[in-house]
Amino acid sequence: MGKVNLARVDERLIHGQVMVTLSQKSGVNSIFVVDDVVAKDKFMRDLYKNAGSRTGQKTIVITSDKAKFYWDEYEFKEYNCILIAKTVSVIYDLVKHGIPMKELNIGGIAQKDPEKDLLVTKSVYLNKEDAQKLKELNEDYGVENIYFQATPSAPKSTLKDILSKFDL
């Protein structure tokens, strides 16, 4: 049985030294990029597979539905992965479906709606809805360690610190 060693939300998905460093995490043997648009576009899928191969890890690019199916049918086989998605909503949906994860790193989210999105770290804009989802993942779904950190060398912000900005 495989597992999610680390989940990450980052709109850039796989990029630069960040993934190289994260992929060296103990026990990791693969990277799962979960993104419906990228998975359905052969050029983009190949681009991310090639970027992931530079980490030395097997890189699998799949849709959310395929990730759910792969967990339900095979429990990710022998893959101990870094699972990366562009949005909190995708991670939330996967966890609610039953894919267990203990550690979630929020790395980079751009501003979408200036009326609703709050800059919570140098690289993360969050709205109250996503903040509530993160709180729920932590309190109700066993995602024990949720933190905000753009790069492994950057300072970490805790979920508690970020939720206080939303009075949650």
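The following questions and answers concern selected residues of a predicted model.

Visitor: Is threonine 55 buried or exposed?
Guide: Threonine 55 is located in the loop between helix 3 (42-53) and strand 3 (58-62). Its relative accessible area is 8%. Buried means under 20%, so threonine 55 is classed as buried.

Visitor: Which backbone nitrogen does the side chain of threonine 55 reach?
Guide: The side chain of threonine 55 reaches the backbone oxygen of glycine 52 at 2.5 Å. At 3.1 Å, the side chain of threonine 55 also reaches a backbone nitrogen, that of glutamine 57.

Visitor: Is glutamate 115 buried or exposed?
Guide: Glutamate 115 belongs to the loop between strand 5 (103-108) and strand 6 (118-121). The relative accessible area of glutamate 115 is 74%. Exposed means over 50%, so glutamate 115 is exposed.

Visitor: How many aromatic pairs does a search of the whole structure find, and what is the form of the pair of phenylalanine 69 and tyrosine 74?
Guide: The search of the whole structure finds 8 aromatic pairs. In one of them, phenylalanine 69 and tyrosine 74 lie 6.2 Å apart centre to centre, with 80° between the planes. Planes over 60 degrees apart count as edge-to-face, so this pair is edge-to-face.

Visitor: What is the form of the aromatic pair of tyrosine 70 and tyrosine 74?
Guide: The ring centres of tyrosine 70 and tyrosine 74 are 5.5 Å apart, with 55° between the planes. Both residues lie in helix 4 (residues 64-74), about one turn of the helix apart.

Visitor: Which residue has its charged end over the ring of tyrosine 74?
Guide: Tyrosine 74 is partly exposed, at 41% relative accessibility. The charged end that sits over its ring, 5.0 Å from the centre, is that of lysine 77.

Technical notes
Residues numbered from 1 in each chain as written. Predicted model: local features only at pLDDT ≥ 70, side-chain atom pairs only at ≥ 80, totals over all residues. Heavy atoms only, no water. Helix = DSSP H or I, 4+ residues; strand = E, 2+ residues; numbered from the N terminus. Buried < 20%, exposed > 50% of the residue type's maximum accessible area, 1.4 Å probe, protein only. Polar contact = N/O pair within 3.5 Å; in protein donor to acceptor, adjacent residues only side chain to side chain. Phe/Tyr/Trp six-rings, centres within 6.5 Å; stacked < 30°, edge-to-face > 60°. Lys NZ or Arg CZ within 6 Å of the ring centre and 35° of its normal.
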